[in-house]
Amino acid sequence: MNSTYYNSSISLKQNVFAGVHKKRTIPFRAILSITILLFLISILSCKKLVDISPPADQIADDNVYTTDGTAIAVLTGLYTDMSKPGIFAGIGSISLLTGLSADELTLYNGVTSPSYIGYYTNTLAISTAIGSDFWGPLYNYIYKCNAALAGLNASNSLTPLVKQQLMGEATFLRAFYNFYLVNLFGDIPLPTTTDYQANSQLARTPVSQVYQKIITDLKSAQGMLNNDYLDGNLQPYTGDQERVRPTSWAATALLARAYLYNGDYANAEAQATTLINHSSLYYLPSLSDAFLMNSTEAIWQLQPVLVGHNTEDGWTFILPSSGPSDGDNGNPVYLSTAQLNSFETDDQRKISWIDSVTVTGTTYYFPHKYKSATLFAPLTEYLMVLRLSEQYLIRAEARAQQGNVSGAESDLNAIRARAGLPNTTANDKASLLTACLRERRVELYTEWGHRWLDLKRTRNIDAIMNITTPLKSNGMQWKSYQQLFPLPLADIQQVPGLTQNPGY
Amino acid sequence: MLNQEEKVTVNFKDTPLDEVLSFLLNGKNLAWTYSDDVVVIHKRMGEGPKKTETAEDSTVTPSLLTGKVTDAVGSPLSGVTILVKGSNQGTTTDMDGKFTLAKVANGEMLIVSSVGFETRSLVVRGRSVLVQLNVEVSALDEKVVIAYGTTTQRLSTGNISTVKAKDIERQPVNNPLLALQGRVPGLFITQNTGVAGGSATVRIQGQNSIANGNDPLYVIDGVPYPAQMIGVGSENIILGGNPLNFINTSDIESIDILKDADATSIYGSRAANGAILITTKKGKVGQTKVNINLQQGWSKVTRGIDMLDTRQYLDMRYEAYRNDNVDWKSSDVTANDLKLWDTTRYTNWQKTLIGGTAQYTNINVGISGGTTASQYTVGGTYHRETTVFPGNFADQRGSLHFNLSSKSINQKIQLQLSGNYMVDNNKLPRSDLTSRAVLYEPNAPALYNTDGSLNWALNPSGVATWENPLIYQLYSTYSNKTNNLVGSATLSYTILPGLDIKSSAGYTNMQTTTFTPIPLGAIAPQRRASTPRTATYGNRSMTSWIIEPQLAYQKNIGKGNFELLLGASIQQNNSSSQTINGSGYSSDLVLGDIKSAVSIRPEYSASIYKYNALFSRINYNFQNKYIINATARRDGSSRFGEKNRLHNFGSLGIAWIFTEEKFLDKSLSTFSFGKLRASYGITGNDQLGDYRFLGLYYSTGLDILPYQNTIGLATTSLPNPYLQWEKTKKLSLGIDLGFWNDRLILTTTYSDNRSSNQLLPYMLPSITGFSSITSNFPATIKNVSWEFLMTTVNIKSNTLSWNSSINLTIPRNKLISFPNLEQSTYANRLIIGQPLGVTKTFHFVGVDPASGLYQVADSHGKPTTSPDYLTDLTTLISTLPTFYGGVQNNITYKGIQLDFMIQFVKQKGRNILFNNDRLAPGEFSRGSSNQPTTVLERWQKPGDITSIQRYSIESDALATIYNATDSDAAYSDASYLRLKNLSLSWQLPDKWLKKASFHNSRIYMQGQNLLTITKYKGLDPENRSITSLPPLRVISFGVQVEL
C-alpha cells in the first residue's frame, strides 16, 4: 500500500511531451487578438504618449499668447531687456559707442579694450569684428517682435484691447529697431517672420524701402497703440502715470523723426505738431527736471531694472571722484573738448547737464543729464528714449526746409529759452539749418546716437570727421566708408547675396 | 499524492527519458522506473524519519539507500537527479537535499547531476551517502542577462560581459560602477573624485556624441535608472555626484554590460552608448539562511606630490625678486608670505588637509530562503564612510533590499517583486581641500591662534592674509540627504505551451535635499561687516515609472528552436529641482531656517520626459549550431520635435558554433568550443536634455526688478521641430573559442561604431535673430575597438584551484567627417581625422638659455617666447586611453581563497608641471603659490640648459608660463598599473562552526587601489586632478557568518 501505481497518460509515442488537457481549452485566439489589439492601440497612440506639456518653469511659444498676462509679459520682457546694460543702455550702448565714433566723447587713455579703441579711432574692421556689435542684438529684438506679432495674430483668446495694444507695441518696436539698423548699417535685410530658413537667405533691402517699412509700421502702430499710458496689466493708470510703455504718441514721435530723416518735411512737421500741441501731457520742464522719471517731457522712458541702480547711462557716464577707469564696470569715457566748446557761453545746459571731476590736476567733464549713480539710491530717474525737445527740433528743421523761417525760429527759441539762451540769430533757411544742427548737438548729446546720425544724414560727417578723427587717433585719417559700421563676417559668409559694406 | 487536476506542459525533444521524468517529478516526492513501453511512477521510498526506521527493518526493501546532496559549501541542493547506472531507476532530492532509493546494491554506481553543477558518479558503499556537487566550471553556460530576457555566453549572438556578485562583493567600494573598473573589455570607468558620493565617468566603447550625453543606459531589474543627476544647490565637492551611488553593492547579483547592436538595439534611442543591466539578488530554494557580514576598513590617499619645503620655497621667492630686480623689503612691495608670515614655519599641507585616514564600515544582514513555490530574500545594510579631510564628516547610509518570487502550483502564474530603498546622509566640507593641500605655501600661517581661535593671520590693517582651510571643516559644510527607491514587479502567465504573456512595471524615486551654509565664521574678518551670512537649500526630485507588457512565444520549428518576443514600453520621468539662496541671517544659529533670511533668491527647473516604444525579438537556434537573432524597435521620445518623433531601430545578429559541426568534432580534441558571431544594427542617443525642440519663454526674473511690477518673459533660442536623435550604427564581429573542455576560453571582438546625425548648434546668420539653432548635423564619429578576454582554469583539484581572467581593449576614436567644420563653433575644438577631445598645443622646446624663459616652436619650428595662438598650435594631444585592461586571478586552496585584480591603462594626461594655477614659479598669490620640486631645476644664469624657466614674481609680464601651460610639455604619460583589488578569505573549519551552529563562515581581508605603478607627474593618474581628491586606497577586514 506504500506505493500507488499510476499509469501515466503521458504519451510516449513520440519523444515529445505535449499538453494533455484538452477540456478547458484556453481561448488562445481571443487572448492573442486582444494582445494584438493592445499593441495596435499603442502604435496608434505612440505619438500621443510622448507628447509632453512644457516644463513648469517655462512656457511654450504657442501657449504664451493664449492669456493676457503672459502675452503682456513678453513685451514687458523686451523693455526689461532694453533697460539692462546692453546696446540701448550703459557701457556698450549706441549712445556711448556712437558718441565715441563721433565727436562727443573722449576715451580714457587707460582703456585697453580694442573695441572701445576701434570705435573711438574710427578703425572698425571686419577682421576684429569691431563695429558689428549692434547687428546681432538688433536682429534678436526684431525676431522677438516678429515672434510676438505672429503669436498675437494667431491668438483668439486675448482681450481684444490687450491684443491690439500689444500688436501696436511690437510693431512700434520693430520700427524702432529697424530705424537703428538702417542708420548704422545702410541697406539691411528686413525679416518680417520667424522662419529661420527664409530669413537666412535675406539679402539687403535698400534704405528707402526700409524707411517705407518703418513708416508703414509706425502708422499702423499709431492706430493700434493706446493714447494713454497703460500700466503693467495694460489698464489705464489710476494713480501716478508711468511713461514706460509706448503709446500712440511714441509712434508719432518716431514717425516725425523718420519723416525728417527721409526728407518728408511736411509730414515731419505735421507729426511733431500733434505732439507739441498735446500740451496737457507734454511740455518742457526745467533743465534739472527733464530727465526725472515720468518727466513732462518724456514721451517714452525705460524703467531701470537692475537692483540698486538708477539708469545705466547715469551709471556709466557719471564719473566717480576717482575719475575715468578701464574694466567691465569702469567709466571709460568723458566729454570731448569739441563737445564742451560747442556750447554758447551762457548755455545753462553746460551747468545743469554737465559735471566734472578733477583727478591729479586733470579735470574730466562728463554728461550729467542723469544725476544718480549711487548704489541703492532712491529711484528718481528713468532712461529717456523719446522726448519732447527733439520734436521741437524736428519741427524747426522741417519748417526751415520748407521755408517757414518764423516757425523754425520759434521752435528753436523754445528750446533755447529753456537753456537760458537768447533767441536765435539765424534768419534764413541755410543759417536756420545750421542753427538746428548746432542746437541738436548741445541739446541731444550722448543720447541715442543723435550726433552720429545727424552728421550722416546732413552729409556733414566727412567735413567734421576729417578734423576729428586725426585728433582722436594720433593723426590717422578719416575714411568716409567708416560712417557705416561693418556687418559681421559670419553673416556675410553664411547668407548668399549679403554683401559687406564697401570699404571693409 | 499526484494531483489529478495538475496540468503540465513540457516540450522535450531528443531528451533522455530520465531527464524528462526528473523534470516532471521534481519536488513531488515521487520516483520512477520504466521498461520498454511502460513508465511506473511511484511514491518515494521511505519518506519521513519514522518510515525510514521501519523500512530499514523491512524485508520489502532490503537494500534501501538514503543520501544527501549538497553544494561545495554544504548547503543542501534540491531537485538533483540521482540515477542508478545501468538500471532504469532514479529519483530527485527533496527540499533538504535528501533522497532515498530502493533496490540499490553495494557496488552499483550512482550518477548525480543537476543543472549548473558538475555531474558526479560514485559507487555505493553502505546504506547512506553524502554527495557534494561542484558548480559547473564552464563559464559558457552561466546565465547572462540581456534586454527582456536571459541567455548564455554559449548561445549569445551579441557582445555582452557579465560581472557577478562574487567579484563585486570582494571590493570595498560604495558605488557598484567602481567595482567594474578594469574587469570588462570595452568599458572604461574613471572615478573623478575620491570623495564619498562623488561622480564617475562611464564610457562603453568610447565617446559617440560630440555635444550630448555619452552615458550608457542603466537598467535595474528591468527599470531604467537615471545616469546623471540634475543639478541642485551647490554640489562642487562631489562634482555633481552619480545616481549609482545610491544603489547598494551588496544587493547586486550580477551586472551585465551590453555593448553591440545585437544586445542594445532593442533599447532603441537610448542605447547608442551601450547598456548596463543590474540584477539584484533573489531568494533561492532551500532552508532559511541568515547571512551576516561585518566589515571595517581604513582608507587613505594613494599618492602625494613632492612640493617645495619652506627653505626651498623661500629661496625660490627671494631668487624671483632678485631676478626681477625688485627689493621685496621695499614698502611698496606686498609680500605677505615673506613679510607677515613666520618664515620659519613648515606645514606639510598634504598631510594636514588630505592626509587623514577615513573609516569604512559596512554591516550587512540578509535572510533568504524559500520553497519551490516561492522564494524570498530580505537584506539590510548600514554603511558609513568618513573622509580623509580633518573634521567630523561622514557619508552614512542605510538600505533595505527585498525580493519575492512566487509561482502558482501549476507553474502558470509567476510573480516577482523586488525593492531597494536607501537613505543616505552625506556630510562633507563645502569645498574639496585637495588643491589647497597641494598649493598652500609651506610657511602659511598656523591654523589656530594660541587662544584656540581660528587664525586669519590679520595684517596691521585687520585684513586676513590667507584663507584658513579649517573654515570648511568648522563652518562651511555641505550636506546631502538622499532617499532612493527602486521597485519593480513582474507578473507572467503561461497561456499555452510556449506562449507566455508578461508585464513588468517599475518605479524609481530619488529625493535629495542639500544644505550649504556660509556662517559668519567662514567669512574673512574684514568682510564680515559687509558680507551677509548666506545659505543654500537644494531640493531635487527624480521620479520615473515604466510599464512593459510583453508576449513571448517559443516553439520547435524544424530542427531548431524558435523564440519570439513582442513588447511595448511606456515610460515617464519627472524631475524637478529647486534651489533657494538665502542671505542676511541675523545669526549662525538660524541658517537652517529659510524664514530667517532677509532676502531669498529662488531657482527652479522642472522637466518631463516621456518615452514610448514597441519592440520585438526573433531568435532561431538551429541545433545549437546556427543562431540568428533579430530585434526591431519603434521608438518615440518626447525629447524630439513633433515632426520627427518616431523612428525605427533594429539589429541582426548571427552566430555559428562550428564546434557543433560533425567534421570538427573528432579532429580537434583540445578544441571544445568555437563560435563565430557577427551583428549589425542601429541604435540611437536621446541624451540631449528635455524640451530642446520647443520654443520656450523663460522668466526674466532673477536679479531683476520687475518692470511695471511685472516679471517679463523672454525666448532664448529658436525652436526646431525637426530635432531627432543621434544615430549610431554598430558593427561587431567576434570569435569565441574554448579549449580543453572550456578550461581556456578566449573571446575576441572587433567593433566598428559610427555615430552620426550629431545634435549640435548649427550656425545661423544673426539676421535670423540667433547665432545658432540646435540641429542634427551630418558629422560622423568612428569608434573602433578590439576587445580580448581570456579566462582560464589553470589548476583544478579537490584542494587547489586557480582561475585567471585577462582582458585587453584597444580603442580608437576618430572624427571622420564634419561638413563645414571651419565655419562652426567647433572649429577650434575638433579636427577631422583626430579623436574627440584632441587638444592643439604648442611644441615645447625648453628654456631659452639666454633669457631663461620658456620657449615653444612657432609654425616654422623656430623657438619663440611669443607664439601666435592662431597658427602655432601645431602639436596634437589626445588624453583618451590607447589601451586598457585588467588581469584577475582567483586562487582557492582548501578553505583559503585569494583573489587579486591588476588594472592597467595606457594614456596621456595633464601633469602638474605648469598647471599650478598658471602661476610662474616664484610668484605669490595667497594660497596657491607652492610649486612642485621639479622647479628646482630652474634656469639660474645665462647659458643654463634646463626645462624650467627662471623664477619670477610676475607671470603676466612673462606670459611664457601661459605658453608652456598650453604646450605639449604640460601633458605627459599618465599610464598606470594598479593593484586594483586584493581579497583574501579563510573559510572557518566545519568543526568550529558546528560548535557555534554556524553553517558557512569566513573571515577576510579586502583592499582596493593598493599599489599603483606610474610615471605620472601629479597626484593620481586616474582622475588626473589637483582640485579633486584622488581615488583612495582602502584596506578592510571582515567576517561573514551564515546561520
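A residue counts as buried when its relative accessible area is under 20%. Keep that cut-off in mind as we walk through this predicted model.

**Stop one: chain A.** Select A:Arg440, which sits in helix α17, spanning residues 429–443 of chain A. With a relative accessible area of 1%, A:Arg440 is buried. To see what else surrounds the arginine, beyond neighbours within four places in sequence, display its contacts, among them A:Leu260, A:Tyr261, A:Glu390, A:Glu397, A:His450 and A:Arg457.

**Stop two: a loop in chain B.** Move to B:Leu155, in the loop that runs between β11 (149–152) and β12 (160–164) of chain B. Next, pick the C-alpha atoms of B:Leu155 and B:Tyr626: they are 9.3 Å apart, although 471 residues separate the two along the chain. Setting aside residues up to four places away in sequence, B:Leu155 touches B:Asn621, B:Asn624, B:Ile627, B:Ile657 and B:Lys675.

**Stop three: a sheet in chain B.** Switch to cartoon view and find the open sheet of 3 strands, ordered β41-β42-β43, with antiparallel pairing. β41 (843–847) and β43 (863–864) of chain B are at the edges with a single partner strand each, so one side of each has no neighbour in the sheet. Zoom in on β42 (residues 854–857) of chain B, which pairs with β43(B) in the antiparallel sense over 2 bridges. Finally, select B:Ala857 and look across to β43(B), where B:Pro863 stands opposite.

Conventions. Residues are numbered from 1 along each chain as its sequence is written. Chains are lettered from A and ligands numbered from 1 in the order in which they are written. This is a predicted model: local features need pLDDT of at least 70, side-chain atom pairs count only at pLDDT 80 or more; totals for chains, interfaces and linings use all residues. Side-chain values use heavy atoms; hydrogens and water are left out. Two strands pair if DSSP finds at least two bridges between them. Helices (H or I, at least four residues) and strands (E, at least two) are DSSP runs, numbered from the N terminus. Contact means heavy atoms within 4.5 Å. Buried means under 20% relative accessible area, exposed over 50%, partly exposed in between (1.4 Å probe, protein chains only).
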